[in-house]
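Here is a short report on a two-chain model. Look at the chains first, then at where they meet.

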Amino acid sequence: MDLMNWVYLSVVLFTIGGATVLVRRNAIVVFMGVELMLNSANLAFVTFARMHGDLDGQTVALFVMLVAAAEVVIGLAIIMAIFRARRSASVDDANLLKY
Amino acid sequence: MNAALLTVLPLAGTGDAVVPGSSTGDAAVFWVLAPIMVLASLGLLFARKAVYAALSMAVVMVSLGGVYVALEAPFLGMVQVFVYTGAVMMLFLFVLMLVGVDSSDSLVETIRGQRLVGALAAGGFLAFVLVALGRTAWPTPVGLSAVNEAGNITGIAERIFSRYVFAFEMTAALLVVAAIGAMVLAHRERSGERATQRTISENRLKRGQRMTPLPPPGVFARHNAVDTPALLPDGTPSELSVSRVLQARGQTLTTGTLVEHVPAIQEDMDPDGRGSRTHGARLDGKPDDTRPTRPEPHEPAGRSDRADEES
């Protein structure tokens, strides 16, 4: 079993997450795309930790999870605040700074 | 990464080098979980409803937890399941329910060519990274069995509390700040005066609404149920005494079915057949002139909160 398969998988997942961020318009789905990218990076960290026989990768993945959890809390709170003000969760509608 | 290990990098070839401590089960885990994860994450991209996207995302998270366990990171696998599927995806679903169905769920593109450009960018990135990965020489996988000898959690804990202790303390501060920030962002100032009991009752009087509590259900209930309407003095069931939801579903008992229950009720009250049937109030509501009607003390039916539900 080639360990590199996991790295390829993480690249595919990262691409799908990035495409979600680029294409979708619902802010919550866009945010889930960001989460998917973070998770694919974690997968790469864990894979490389195993490849190099060093637990540093797993430790960093743990920190990524912690930061991602904090980021989700703040991001969802911002989305909710925007939804209350604009009655919409679309990323197209948050354009108050434009005019 | 460890500098000593990185120097090994050019020496090693790729190919199907067997990782120490790995098993053939690894390949099985990969070929089972990887297609599931890719398909589920494609659901994130193509699902019309945001809830479906969130659920397929949860599938990816759970599968990743299994992948981590297969990759000799059992602690991370557990944390992944707890944090991501347990907390993060639940938070996502919670906010989705709060926001509700939205126009942004539609897949009509508002910027012309945005989807094409997005697909091109994603495809270009994928091709770029895959080519770069394919041209890289990888070290012979070392495996974690030697490092995990004292236990995976022990190894991670040693790193967290020695080399990364400052970063660890920073994450503690970060989590506190994030919690406070979410509270501040989600907080909404009360715009009007808080309604007191007096103002509520005065408003109800002004609008001519019902002042008394609603009649409780289940006066003749045989079981602890709210589907039995109370009977008015003329024998008709009171619509107000059962929940409107149950009525809309047609799940309430009618007077006709109550009459069918009379023998069973009398059996319940007087199981061995002795004694007079003084307890049996007639359920068809007709005044019973042969026996004194005395209502049985039934289960407490105080439902004062339903008065608020009506208003």
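Helices (H or I, at least four residues) and strands (E, at least two) are DSSP runs, numbered from the N terminus. On that basis chain A has 3 helices and 0 strands. Its elements run α-α-α from the N terminus on.

The model is predicted: local features need pLDDT of at least 70, side-chain atom pairs count only at pLDDT 80 or more, and totals for chains, interfaces and linings use all residues. Residues are numbered from 1 along each chain as its sequence is written, while chains are lettered from A and ligands numbered from 1 in the order in which they are written.

**Chain A**

A residue is buried if 20 or more other C-beta atoms lie within 10 Å of its own, exposed if 12 or fewer, and partly exposed in between; C-beta atoms are placed from the backbone. Buried residues make up 66% of the 99 residues in chain A. Two residues are in contact if their C-beta atoms, placed from the backbone, lie within 7 Å. Of the chain A contacts between residues at least 6 apart in sequence, 47% join residues at least 24 apart.

**Where the chains meet**

Chain B brings 77 residues to the contact and chain A brings 63 residues. On the chain B side, H4(B) gives the most, with 11 residues. By class, that side has 58 nonpolar, 12 polar and 7 charged residues. Here Ala, Val, Leu, Ile, Met, Phe, Trp, Tyr, Cys and Pro count as nonpolar, Asp, Glu, Lys and Arg as charged, and the others, Gly among them, as polar.

A nonpolar core is a set of buried Ala, Val, Leu, Ile, Met, Phe, Trp, Tyr and Cys residues joined through C-beta atoms within 7 Å. The largest one has 76 residues. Ile28(A), Met32(A), Leu44(B) and Met57(B) are among those that touch the most other members. Leaving aside neighbours within four places in sequence, Ile28(A) is in contact with Ile79(A), Ala89(A), Ala50(B), Phe92(B), Val95(B), Leu96(B) and Val99(B).

**Confidence**

The model scores ipTM 0.92 and pTM 0.70. pLDDT is the predictor's confidence in each residue, from 0 to 100. Chain B averages a pLDDT of 77, and 74% of its residues score at least 70.

| Element of chain B | Mean pLDDT |
|---|---|
| Helix H1 (residues 3-6), lowest | 42 |
| H7(B), highest | 93 |

Residues 1-17 of chain B stay under 50 in pLDDT. Residues 276-283 of chain B are also below 50. Where pLDDT is low, the predicted coordinates should not be read in detail.
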